[in-house]
Every structure is written in C-alpha cells, then in structure tokens.
Amino acid sequence: MRPALLALLALTVPATARAGVRVPAELAEVPGRHLATAPLPLAGPDQLPQSAGRPHLLYVNFDGAVLRRGCGNDSRHDCSSLADLFHGYVGPFVGTEHRRVSIVQAVRKDLADFGVRTVITRPPAEQGYTMVLYGDLGTQTFAGVAPYIDCGNLWDNDTCFAGAFQGSNIGSTIILQEAAHTWGLEHVNAPFDNLHPFVAQATPSFQDQCNKIVANTDLVEVGGQCNLVHEKFCEAGYQNSYRELLYLFGPAVPDTSPPTLTITSPPDHSTHVLPVTIPLLGEMSDDLAPQYYDITITSAGKTLYEGEGYKLALALQNPPAGEYELKVRVVDDGGNAGQAAVHFTILPEGSEDPDTDSGAGDSETDTAADDTNAGGCRVARTPSDLPSQGRGLAVLLPLAWLARRRRPR
C-alpha cells in the first residue's frame, strides 16, 4: 500500500512513482511554488464512521520521535508503517517558539468549528489522538505523508508526517491535509479547500460545498473511496470536507478553562533605583496552550498597555520614583480571563538599594557593578535627565520576539 504524500509540484507525477514528485522541500518556501499531493489509497472497505461525542485531539509533535516498527500506525507508541522511510527517526522542529505557536494557531483557525482540539503536548495514552510529526524528515523530497485514508476515522490513533516548514500557512496546510487523510477525506478539485492537491491559495480552509473528488496531482476525476461518508452530503464522486468533519467530530466544544498567569519578573515587592529598565515577564498556562492571549496592563485604574503575546514579555523603562502595583489581565481565544499583580518600589537616582548586598560601611571609592540595581556611589544626573513625575508610568516596550500586534476579533 502506498502512502499518501504531500509534495512540491514541479513535475508530472509518474504513474509508477512510489513516493510521488521528489523535489527539494525547501523550495516550498519560495513564493509562487505550490504544494501537491500524490494519489491516495484506501485503508480498507467503507464502513460507517464512529459517532462523535467528545473532542478529538490533534497532537502536533514538534519534538521528533524514534519510530517503532511492527505495531501499525499507533500514535500513542510512535508506531508507523512508514518507519523505514525515515530510517526510524524524525528529528525535532528547529524553528523558534514563536514559529511553533503561529503554526498551531493557524491549524486551530481552520478547525475552529469542529470538535477537534490541537495540542503540542502528548495527550494521555488512554485518549485517542491523531499525531502529526512536524520536523526533520531526513533526506526526502516530499513535504508530508500519511499512511492511508482511514474512511470514517475508524482508528483514533494514527501517525502521519509533515516537513519542518517555517511558514505558518504552508505548515498548517500540510498538517491539516495529512491529518484529514487519516480521517477519511480525499482530494478535491477546489483551490480554496484544504483538500485540493495544490496549495494554490494563501489561506485555504475546509469548504462547506460539494467539490469533485480527484485522484492525483493531474486532477483526474474519480468516484471516491470513502463514499458511505461522502454521499451523506453530496452526490457520488463529490465531497464536502466541512460537513464531513462536522459529522465525524461534532461542533466545537467551548473552551471554559481560564488561563493562569505567573509573573516571574520583577520579584513581588522588590525595590529598584533609577535609572533602571525592569523586565516585566510572565508565563501563561492553559489547557489549550500555547496560544496568543490579549494582554492588558493597568495601574491605579489607568490602562498602560494593550497588546497580544503568548508570553508576558515587556520592558519597563525609568518609571518615576514611587510605589507601584501593576495588574496584568490575559484573555484567551475562548474569552476566558486570568489576572495577576506585582508590586514594586522605584527609588530616586542615588538612593541606596536595600535589595543589594552593599552595606552602609562600603568605601566611597566603591563603584556599582550593575548601574540598574546596585547601591553605592553614582554620578548624579542633571534634573533634565531624570524621569518626569508628571508623565505617569514609563513606557512599556514589548520584546519583539515574544509579543505581536493585537489582532482584530
């Protein structure tokens, strides 16, 4: 049985090719290149799909795995009938954490209407989940591969593969198409659908319309293989990917779990001496982490910052001397809110910092090793150099690699 492949369209797929078109996968990042899939075989005879009653988990594994042979395609145990294709190993995704979150968010966007939850932490073994290994597939020329089409998603625990592309749109499309094959969806001739053999649009989705089923990258029309599901919504030879996913998994299960925010910097009730740049850092935990959260920071009832990030990562520069309480509120995609607060004191320049180890008996010739946090002697600045008490709290600057501009809702 040949695997289902997602490869670059640069040549015609030969009828005898085992793995479809073989072109360097990195070319997929070049604008104007399109992805395509080779013909998909059938896993077994058509049967009625399982009834939906709980969220199905799509586990995007960025960490790589040592693949096991002889145990089918069981995601719970890293089993794959394609293990030899990867010499028994898939390397981890080497992109940044920001890239991982962006790819996962793009996948979630396309699955938002269905009872499928996308996670990047391996679920418990007793839960059924589809695993897409997203990482270094070795010396391959295809972009992704699934072992078969599982009509009606009869087997909850499938393993499929996607190459480690950096772009969130390309990456999410590969993940979704390979996972969808293990759920029983076939290719269709519809450029805006995630099951089209070529990624011809920047942001395809699962389309709520009947589209013609095709066999390969040449768009050869066929009657379809998983027809007991297809024909619930369309005439023979057509597929409605949106309705089939809704049928298989049911509607989305609302997210009612609020995120938890832990502020890691500055330490609560710490003291700082001007001039100073204070990192305002925090970690969010949530049942659907990672994701981007709406972040609002207030002090004394005034909003100081509104933005978005998967972590709290800001820099507070030279606030006026005084006592502060910052309240940080984070809201997840489900509208659930979490909140934390931090208190700290800012002392005028030249003050002794009680948080340092410098004692009152230190020599006048001692110099401060850390100008932002140490006590001891300092060179006084002119009044014009000091922060203005009338301008309120100082600027909160986002750290670019951990926060992004607020997106429209």
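User: Which elements do the buried residues of α1 pack against?
Analyst: They pack against β3 (56-61), β6 (116-119), β7 (129-135) and α2. Packing here goes by contact, meaning heavy atoms within 4.5 Å. Buried means under 20% relative accessible area, exposed is over 50%, and partly exposed lies in between (1.4 Å probe, protein chains only). Helices (H or I, at least four residues) and strands (E, at least two) are DSSP runs, numbered from the N terminus.

User: Anything I should know about the model before we go on?
Analyst: This is a predicted model, where local features need pLDDT of at least 70 and side-chain atom pairs count only at pLDDT 80 or more, while totals for chains, interfaces and linings use all residues. Residues are numbered from 1 along each chain as its sequence is written, and side-chain values use heavy atoms, leaving out hydrogens and water.

User: OK, back to α1. How many of its residues are buried?
Analyst: In α1, 10 of the 14 residues are buried, so the helix is mostly covered. Among them are Arg100, Val101, Ile103, Val104 and Asp110.

User: And what span should α1 have at 1.5 Å a residue?
Analyst: Helix α1 covers residues 97-110 and should span 20 Å; its end C-alpha atoms are 21 Å apart, which agrees. The expected span is 1.5 Å times one less than the number of residues.

User: How about α2, what does that one look like?
Analyst: α2 has 15 residues and reaches 21 Å from first C-alpha to last, close to the 21 Å expected. It is mostly covered too, with 13 of its 15 residues buried. Just after α2, Gly184 takes a positive phi of about 100°.

User: Are Lys311 and Glu97 buried or partly exposed?
Analyst: Lys311 is buried at 18% relative accessible area, whereas Glu97 is partly exposed at 40%.

User: New topic: how many disulfides does a search of the structure find?
Analyst: It finds 3 disulfides, each a pair of cysteine sulfur atoms within 2.5 Å. Numbering the bonded cysteines in sequence order, the pairing is 1-2, 3-5, 4-6.

User: Tell me about Cys71 and Cys79. How far apart are their sulfur atoms?
Analyst: They are 2.0 Å apart, and the link is left-handed, with -105° about the S-S bond. Cys71 is partly exposed at 29% relative accessibility, but Cys79 is buried at 1%.

User: And the other two disulfides?
Analyst: Cys151 and Cys226 form one, with sulfur atoms 2.0 Å apart. That pair links distant parts of the chain: Cys151 in the loop between β8 (142-146) and β9 (159-163), and Cys226 in the loop between β10 (211-212) and α3 (227-230), 75 residues apart. Cys210 and Cys234 form another, with sulfur atoms 2.1 Å apart. Their S-S torsion is about -90°, so this disulfide is left-handed.

User: Last one: Glu244. Which helix is it in, and what is the nearest side chain of opposite charge?
Analyst: Glu244 lies in helix α4 (residues 241-249). Glu244 is buried yet has no salt bridge, and the nearest side chain of opposite charge, Lys232, is 10 Å away. For charge, Lys and Arg count as positive and Asp and Glu as negative, while His and the chain ends are not counted. Leaving aside neighbours within four places in sequence, Glu244 is in contact with residues including Gly184, Leu185 and Phe233.

How values were computed
Salt bridge = Lys/Arg side-chain N within 4 Å of Asp/Glu carboxyl O.
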